[in-house]
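These are my notebook entries on one protein model. I recorded what I looked up, entry by entry.

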Amino acid sequence: MLKKWYVILPAAAVLFLAAVFILLLVARGPLLEERALGEDLALEEQNVESVDDVFLYNGSTFLYSTLVTNEDESRDWVFLNEEEAVERINAAETITLEEAETRIMEDNNVERLKKVTPGIEEGIPVYEGVYEAEGRLQYYYIRMADGEFIKRYSFRKD
């Protein structure tokens with residue numbers, strides 16, 4: 001009887017882990033497809049050599065925010081909707097993603113952010129920082145050009 005459990009428990013554990021792995025793959029599939037589409041759209045832009053990073057921005061409008069390297073080795077932020085580039089700015093003229101993270105954490109006295117996403121709000125390139133505080137999900141926006149505060153809002157987590 002005890003020998004059966006030595007077979008049943010490991011088999012059940014393997015099946016459970018396989019099911020979790022499959023669920024993770026299925027859940028992440030659409031996200032990976034969206035990122036790949038954003039990368040493809042960015043590569044179609046003029047002078048783009050490679051795409052360094054792709055972010056999905058769900059602000060007032062949906063955007064692919066892409067950091068690209070150009071043929072002359074300069075880097076740009078290219079913001080695209082599902083059809084075309086909406087905005088393109090030289091990355092050297094903005095604060096970096098890491099600087100934005102630091103600024104948002106310092107401004108709000110938080111130790112950890114859920115995410116920071118580049119995007120465009122009301123025609124202004126921004127970094128959107130998201131973090132939890134006081135039982136609320138907080139959104140904090142700073143201008144990409146200089147890190148200046150633009151707006152904030154929050155939602156209850158329940």
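**Entry 1: Glutamate 121**

I looked up the side chain of glutamate 121 and found a polar contact with the side chain of tyrosine 57 at 2.7 Å. I counted as a polar contact a pair of N or O atoms within 3.5 Å; within protein, one must be able to donate a hydrogen and the other to accept it, and residues adjacent in sequence count only if both atoms are side-chain atoms. The model is predicted: local features need pLDDT of at least 70 and side-chain atom pairs count only at pLDDT 80 or more, while totals for chains, interfaces and linings use all residues. Residues are numbered from 1 along each chain as its sequence is written, and side-chain values use heavy atoms, with hydrogens and water left out.

Is glutamate 121 buried or exposed? I noted a relative accessible area of 7%, so glutamate 121 is buried. My cut-offs were under 20% relative accessible area for buried, over 50% for exposed, and partly exposed in between (1.4 Å probe, protein chains only).

Glutamate 121 sits in strand β5. Helices (H or I, at least four residues) and strands (E, at least two) are DSSP runs, numbered from the N terminus. Leaving aside residues up to four places away in sequence, I listed Tyr57, Gly59, Ser60, Val126, Tyr141 and Lys151 as touching glutamate 121; contact here means heavy atoms within 4.5 Å.

**Entry 2: Salt bridges**

How many salt bridges does the structure hold? I found 5, a salt bridge being a side-chain nitrogen of Lys or Arg within 4 Å of a carboxyl oxygen of Asp or Glu.

One of them joins glutamate 121 to lysine 151, with the closest N and O atoms 3.4 Å apart. Because glutamate 121 lies in strand β5 and lysine 151 in strand β8 (residues 149-156), this pair ties together parts that are 30 residues apart in sequence. The two side chains are also joined by a polar contact of 3.4 Å. Lysine 151 is partly exposed, at 25% relative accessible area.

I then checked lysine 114, which forms a salt bridge with glutamate 132 at 3.0 Å between the closest N and O atoms. Lysine 114 is in the loop between α2 (97-108) and β5 (115-121) and glutamate 132 is in strand β6 (residues 124-133), so parts 18 residues apart in sequence are tied together. I noted lysine 114 as partly exposed at 46% relative accessibility, and glutamate 132 as partly exposed at 37%.

Arginine 75 and aspartate 52 meet through their side chains in a salt bridge of 3.1 Å, N to O. This pair links distant parts of the chain, 23 residues apart: strand β3 (residues 75-80) holds arginine 75, and strand β1 (residues 48-58) holds aspartate 52. Arginine 75 is partly exposed at 39%, as is aspartate 52 at 35%.

**Entry 3: Helix α2**

Which residues of α2 are buried? I recorded Leu97, Ala100, Ile104 and Asn108. Seen down the helix axis, the buried residues of α2 fall within an arc of 55°, so they line one face; the arc is that of the directions from the axis to the C-beta atoms. Glu98 and Glu106 are exposed on the face turned away from the buried side. The cover over the buried residues of α2 includes β1, β5, β6, β7 (136-143) and β8. Just after α2, I found asparagine 109 with a positive phi of about 55°.

**Entry 4: Aromatic pairs**

I counted 9 aromatic pairs in the structure. Rings of Phe, Tyr and Trp (its six-membered ring) pair if their centres lie within 6.5 Å; planes under 30 degrees apart count as stacked, over 60 as edge-to-face and the rest as tilted. Tryptophan 77 and phenylalanine 79 are stacked because their ring centres are 6.4 Å apart and their planes are at 15°. Both residues are buried. The rings of tyrosine 153 and phenylalanine 155 have centres 5.4 Å apart and planes at 80°, so that pair is edge-to-face. Tyrosine 153 is partly exposed at 31%, and phenylalanine 155 is partly exposed at 46%. I also noted a cluster in which ring pairs link Phe55, Trp77, Phe79 and Tyr127.

**Entry 5: The chain overall**

The protein chain has 2 helices and 8 strands, in the order α-β-β-β-β-α-β-β-β-β along the sequence. Of its 158 residues, 33% count as buried.
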